[in-house]
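Reader: I am new to this structure and would like to learn how to read it. Could you take me through some of its features one at a time?

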Amino acid sequence: MEKKTGFTGQLGFVFAAAGSAVGVGNLWRFPYLAAKNGGGVFLLIYLVLVLTVGFVLLTTDLAIGRKTGKSAIYAYESMRKKWKFLGIITFIVPVLIMTYYAVIGGWIVNYIILFLTGKVDIASQSDTFSNFISSPNSVWFSLFFMLLTSFIVYGGVEKGIERVSKFIMPVLLFMVVGIAIYSLTLKATAPNGEIRTGIDGLMVYLKPDFTGMTVGRFLQISLDAMSQLFFSLSVSMGIMITYGSYVRKDVDLSKSVSMIEIMDTGVAFLAGVMIIPPVFVFLGLEGMSAGPGLMFISLPKVFAQMGLGGRIIGFVFFVLAAFAALTSCISVLESIVANYMEILNAQRKRATVVLSIVYLIATGVIALGYSTFYVEVNLPNGTTGQLLDIMDYISNSFMMPFISLLSSILIGWIMTPQWVIDEMERGGKKFSRKRLYAVIIKYFCPVIMFILFLQSTGVFYLLKG
Ligand code: PHE
């Protein structure tokens, strides 16, 4: 096997891991959840969860990776032989996510081109998006995005992933801050004559809204926040285990965890500042939706109403979205490549080429899931979906809570938290939140993950009738 390569130091590692964490979830899901769940109420709950459960899950994955020096499958096996199965299940998550993440990347590329070529009026029509994805030609955009990802992973950890992340992340942060400030300066007259400003929109986002708040609703919001947190930090899918295995032993892991949390949560928060005020000013809050609808239908409408400024902002927005998607997509492919290299004792270049071919085909199939391979399936949460939604549901809603549940039992009760704490304190580093870590991983994580898992099976939905 090749000599293990890795990140050159803390900065490269933190940017790469934050690059994985900051993805389309920060842009199209976080702002929507906040707007839907009482603004500041959601923000507060999310913040508390990031600092507790999020911190624990991220710390666990990274420490497992660095301590074992392996990717998911062998990392779990090297802890306890019998737990290899957990490594295999963990490995399946990126295997599934990889089939559709480049598809979304391709959609973003299409909108970059529309804004770049001044076709704002086309971009802002309601049916442009559905026409685009249901045209078989859209597959080329997704294949392009997949190839780009493969090309970077082919370059290796240091020369590919680290180098690209060190460029992309600072530029992305700069763009997010820039657009967020611009959003606050907006002003327009609503159809009912009312003047709405960006600052009013900001207040809607920040102000805790307790109307209709019951214990049940509070719990529901917490569960929403929790599942967003998983997805957003890229934990419980082996990605952070792989990235952890590339971290030098002298890097302060505890500090790195804080930096990754701050970047991921910071970008999610700023995405809200960037998106909620303009949507509020130009469309009213009814314009807030989650997922592709927000990014590819509502926002282009908003940009179209901003005139020339909107064309520029729209272009910048989609470039930053592509950046966010690219660094995430890279991390998904990387974790698959890394496991593959370990299983087959293969070289990176060969592994990347083989897996790229497999995933170009998979990306093609999923992208065509809105045309040639159209299906409509009922999911346990009561929605219907196409191929992409099925993959997303299995990997994110269903498998991730299950993995976290088992992994917190393994670390909390079998290996014991000290196993992780030792790694965090390696070389005399300070791990100041270690008591909190031990309590949460032992008692809190298993319970909350179990509830989330039950929710994903649709039990609650069935109970409600
Ligand atoms: N964390 C990314 C986001 O917030 C999503 C992601 C999922 C990235 C899975 C990698 C793997 O969008």
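Author: Gladly; let us begin with one residue and its contacts. Contact means heavy atoms within 4.5 Å. Leaving aside neighbours within four places in sequence, Ser289 is in contact with Trp28, Tyr32, Leu294 and Ser298. Before we go on, please note that this is a predicted model, in which local features need pLDDT of at least 70, side-chain atom pairs count only at pLDDT 80 or more, and totals for chains, interfaces and linings use all residues. Residues are numbered from 1 along each chain as its sequence is written, and side-chain values use heavy atoms, with hydrogens and water left out.

Reader: Where does Ser289 lie? And is Ser289 buried, partly exposed or exposed?

Author: For the second point we need cut-offs: buried means under 20% relative accessible area, exposed over 50%, and partly exposed in between, with a 1.4 Å probe and protein chains only. Ser289 counts as partly exposed because its relative accessibility is 24%. Ser289 sits in the loop between H13 and helix H14 (292–304). Helices here are DSSP runs of H or I with at least four residues, strands are runs of E with at least two, and both are numbered from the N terminus.

Reader: What does the chain look like as a whole?

Author: Its secondary structure comes to 20 helices and four strands. The radius of gyration is 21 Å, close to the 23 Å that the globule rule gives for 465 residues, so the chain is as compact as a globular protein of that length. That radius is taken over C-alpha atoms, and the globule rule is 2.2 Å times the number of residues to the power 0.38. The C-alpha trace spans about 65 × 50 × 45 Å along its principal axes. Buried residues make up 58% of the 465 residues. Among contacts between residues at least 6 apart in sequence, 80% join residues at least 24 apart.

Reader: How do I describe two helices that pack together?

Author: Two packed helices are described by the angle between their axes and the distance between the axes. Axes are lines fitted to C-alpha atoms, for helices over the stretch in contact, and angles run from 0 to 180 degrees between N-to-C directions. Here, the axes of helix H5 (residues 84–116) and helix H17 (residues 387–415) come within 9 Å and cross at roughly 145°. The residues of this contact divide into 19 nonpolar, five polar and one charged. In that count Ala, Val, Leu, Ile, Met, Phe, Trp, Tyr, Cys and Pro are nonpolar, Asp, Glu, Lys and Arg are charged, and the others, Gly among them, are polar.

Reader: Where is the kink in helix H19 centred?

Author: A bend at a residue is the angle between axes fitted to the seven residues ending there and the seven starting there. In helix H19 (residues 434–456) the kink is about 45° and is centred on Ile440. Ile440 is one of the buried residues of H19, as are Tyr437 and Ile441. The buried residues of H19 pack against H3, helix H11 (215–233), H17 and helix H18 (417–424). Just after H19, Gly458 has a positive phi of about 90°.

Reader: Which residues does Thr60 touch?

Author: Not counting residues up to four places away in sequence, Thr60 touches Ser407, Ile411, Tyr437 and Ile441. Thr60 lies in helix H3 (residues 40–68) and is buried, because its relative accessible area is 2%.

Reader: How many residues of H18 are buried?

Author: H18 is mostly covered, with six of its eight residues buried; Trp419 and Glu423 are among them. These buried residues pack against H3, helix H4 (72–79), H13, H17 and H19. In the loop between H17 and H18 you will find Thr416, whose phi is near 70°, a positive value in a residue other than glycine.
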